[in-house]
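Please keep the structure at hand while reading.

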Amino acid sequence: MAVSAKLSGPDFSKGVSENLLKDGESLLGHVGAEPVLLVRQDGEYFAVGAKCSHYGGPLHEGLVVGETVHCPWHHACFDLRTGEALKAPALNPISAWYTEVKDQYVFVAGKKAPVVEPREGTASERFVIIGGGAAGTSAAVSLRRHGFQGSITLVSEDKALPYDRPNLSKDFMAGNAPEEWIPLYSEEFYRENKISLELGVTAEKVDAHRCSVFLSNGKTLRYDRCLLATGGDPIKPKIPGIDKGHVYLLRTLQDCRRIIARTSWASRVVIVGAGFIGLEAAASLRLRNMEVHVVAPEDMPLMRVVGVHVGSHLKKLHEHHGVHFHLGHTVKEIRDRSVLLDDGKSIDCDFVVVGAGIRPNTLLAEQAGCWVENGILVNEYLETSVPGIFAAGDIARWPDPHSQRAIRVEHWEVAERQGQVAALNMMGDQKRFQEVPFFWTQHYDLTLGYVGYSDRFDRMEVLGDMEHESFAVAYYEDQRIAAFLTVGRDQESLRVEEAWAHFDEKKVHEIVREYERRSREGFA
């Protein structure tokens, strides 16, 4: 959800003293009615818009590294010289301004015009992107941002324009975000950027020998490069009654619309699954004053992902807001007005939401001859075993240089960043995908950020004050910190991500030890 920044600080158009900033420091101010961030780096001054183009995060609270600034909320990254969005989840640039030093004063005046250098030799090329989610959309946008001149066709089974899927289980479901905020871009944007949309259409086959994609509407698309970004299909547990009309999966905008429509008269819901989607949906439906019951076979929500401490904290938070948990149980049958559990208990409800995870949709890749094993296997450039075919997003299993193993991650930001890198490599850039995985999850007023990756941590270290929601958790694999979770500690999260981005394990440990020391001393 975008927010507005109140104007504060000096008016940079009137000038500020050079003495206000040392190298590496930033200052929040404004030019006219626009908030602007002034940064000094190596004696040079940069001025950019002070709000992240994703959700309006305050960049003055972020992290400046070299000629980039990182958003504290969701870790987007921008070029201080041009304003270009370098890393998702921001796909749009921020404004960049000219600066001038005169008589020991720094003045900011005049926006820089965005410049896109056309890629030579790309005008005759045809790129086909299959999948209108995070990876596919970011790839299409990135191709144009980096000067690709050829044709781009985006194929999506969804009838809606590509949209902000994380919002479905968060603000949109809770009623805090209107539907007009959900599309990532307007129809006009795709038209102006010459991105052809095939919506409500299925790619039925990819013929790698003929370099062709066959669509369900009868069209055949020839390609020079193809990106598979087909995401995942929601898992539908084999439960008697799962196909009843009042049972909803939560994957698409249409799914969310149906759930919201049901809440107009319903009062009780059972959520099957205590993962991120299930818990976010529980929080959103509680904000609509629904009676919410969560059923899951685990003893603690999310314990395999975030551990017992954070899992327990989230459970207490949800219980405080009125959620009823039925953990250690499965659903035996879904009836017309109730759900029967494996212990014989019956829970009355008006509808059921199933959040049991997804399976990667690899059918097209298999038909095309790509190597598949728990996802589509890609190399460090996100190219599959079939030349000319790339894969990104929930389906891609890539060699992660940080964990030193092949991993597949089902997170929005990872998918968008893979789409950005895949776009460059489709144009021949040979850029390795080395991004540090990051995700965020929102429950009521609590937001958790998670940097890194670990599916096999052997110990956890809790730092800070969980009761006052200012804490971090370090997840270890042997002696290596593999992941770092934070609540209310955005700077530490950004610093750890940046250290990992430079493969500086020693620096990661230093940041964690410094945080531990400051926590003991009771810093604010």
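Which residue in β26 stands opposite I271? It is V353. The model in which this pair is found is predicted.

## Strand pairing

The strands β20 (residues 268-272) and β26 (residues 351-354) run parallel and are joined by four bridges. Both belong to an open sheet of five strands, ordered β19-β26-β20-β21-β22 and paired in parallel.

The edges of this sheet are β19 (247-249) and β22 (324-327). Each has a single partner strand, so one side of each is left without a neighbour in the sheet. From one strand to the next, the twist averages 20°.

## Largest cavity

The count comes to three cavities of 30 Å³ or more. The largest has a volume of about 70 Å³. Its lining consists of S169, K170, D171, A174, N176, E280, A283, S284, L287, Q442, H443 and Y444.

The largest share, three residues, comes from α5. By class, the lining of the largest cavity holds four nonpolar, five polar and three charged residues.

## Second largest cavity

The second largest cavity has a volume of about 60 Å³. D400, H402, S403, V436, P437, G452, Y453, R480, A482 and W500 form its lining. These residues divide into five nonpolar, three polar and two charged.

Definitions and conventions:
Residues numbered from 1 in each chain as written. Predicted model: local features only at pLDDT ≥ 70, side-chain atom pairs only at ≥ 80, totals over all residues. Heavy atoms only, no water. Pairing = 2+ DSSP bridges. Helix = DSSP H or I, 4+ residues; strand = E, 2+ residues; numbered from the N terminus. Axes fitted to C-alpha atoms, helices over the stretch in contact; angles between N-to-C directions. 1 Å grid on protein atoms, 1.4 Å probe; cavity = no way out; pocket = protein on both sides within 12 Å on 5 of 7 lines; lining within 4 Å. Points joined across faces, edges and corners; volume = space filled by probe spheres on them. Nonpolar A, V, L, I, M, F, W, Y, C, P; charged D, E, K, R; others polar.
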